[in-house]
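Student: I've got a structure open and I'd like to talk it through with you. Can we take it piece by piece?

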Amino acid sequence: MGILAQKGAFPRHIGRTKGGLNSKLHAMCDDQGRPVRLHLTAGQISDFRGADVLLADLPDETEEVIGDRGYDSNRIRLSLAERNITACIPPKKNRKLKPPYGVSSVKP
């Protein structure tokens, strides 16, 4: 028989979104696409919070970061550029000035 945790011992990270109750799983993968770090947030939490946690732990040899549109922010792009990391993140649709995002076309 397995060991059961007490109710409330671990945060559930479930939040209300348009689609109901959801969670978001943020993943950091190595250069082969294998997940090396995971971070769970409630569904209504901004993707920036998940990015803050994962980007803080990037290895020093990181050269490029690929992310989806949810991670498009000037703060994230600046943070990566300061560390000489190329950001391959498509711009949000409402951006007036859309930065390029192809890995081969952008080097800090």
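Student: Is Cys-88 buried or exposed?

Tutor: This is a predicted model, where local features need pLDDT of at least 70, side-chain atom pairs count only at pLDDT 80 or more, and totals for chains, interfaces and linings use all residues. Residues are numbered from 1 along each chain as its sequence is written, and side-chain values use heavy atoms, with hydrogens and water left out. Buried means under 20% relative accessible area, exposed over 50%, and partly exposed in between, using a 1.4 Å probe and protein chains only. Cys-88 has a relative accessible area of 12%, so it is buried.

Student: And how does Cys-29 count?

Tutor: Its relative accessibility is 40%. That value makes Cys-29 count as partly exposed.

Student: How many disulfides does the count come to?

Tutor: A disulfide here is a pair of cysteine sulfur atoms within 2.5 Å. By this rule the count is zero.

Student: In what order do the elements run from the N terminus?

Tutor: Helices (H or I, at least four residues) and strands (E, at least two) are DSSP runs, numbered from the N terminus. The protein has two helices and five strands. Their order is β-β-β-α-β-α-β.

Student: In which sense do β2 and β3 pair?

Tutor: Two strands pair if DSSP finds at least two bridges between them. Strand β2 covers residues 20-29 and β3 covers residues 35-42, and seven bridges join them. Along the way, Lys-24 stands opposite Thr-41, and His-26 has His-39 as its bridge partner. The sense of the pairing is antiparallel.

Student: Which residue in that hairpin takes a positive phi?

Tutor: The hairpin of β2 and β3 has five residues between the strands. With a phi near 85 degrees, the residue is Gly-33.

Student: Why do the buried residues of α2 line one face of the helix?

Tutor: Those residues are Ile-76, Arg-77 and Leu-80. Take the directions from the helix axis to the C-beta atoms, which is how the arc is defined. The buried residues line one face because, seen down the axis of α2, they fall within an arc of 100 degrees.

Student: Which residues are exposed on the other side of α2?

Tutor: What covers the buried residues of α2 includes α1, β4 (64-66) and β5 (86-88). On the other side, the exposed residues are Asn-74, Leu-78 and Glu-82.

Student: What separates the C-alpha atoms of Lys-18 and Gly-43?

Tutor: Lys-18 sits in the loop between β1 (15-17) and β2, and it is exposed with a relative accessible area of 91%. Along the chain, Lys-18 and Gly-43 are 25 residues apart. Their C-alpha atoms are separated by 9.5 Å.

How values were computed:
Contact = heavy atoms within 4.5 Å.
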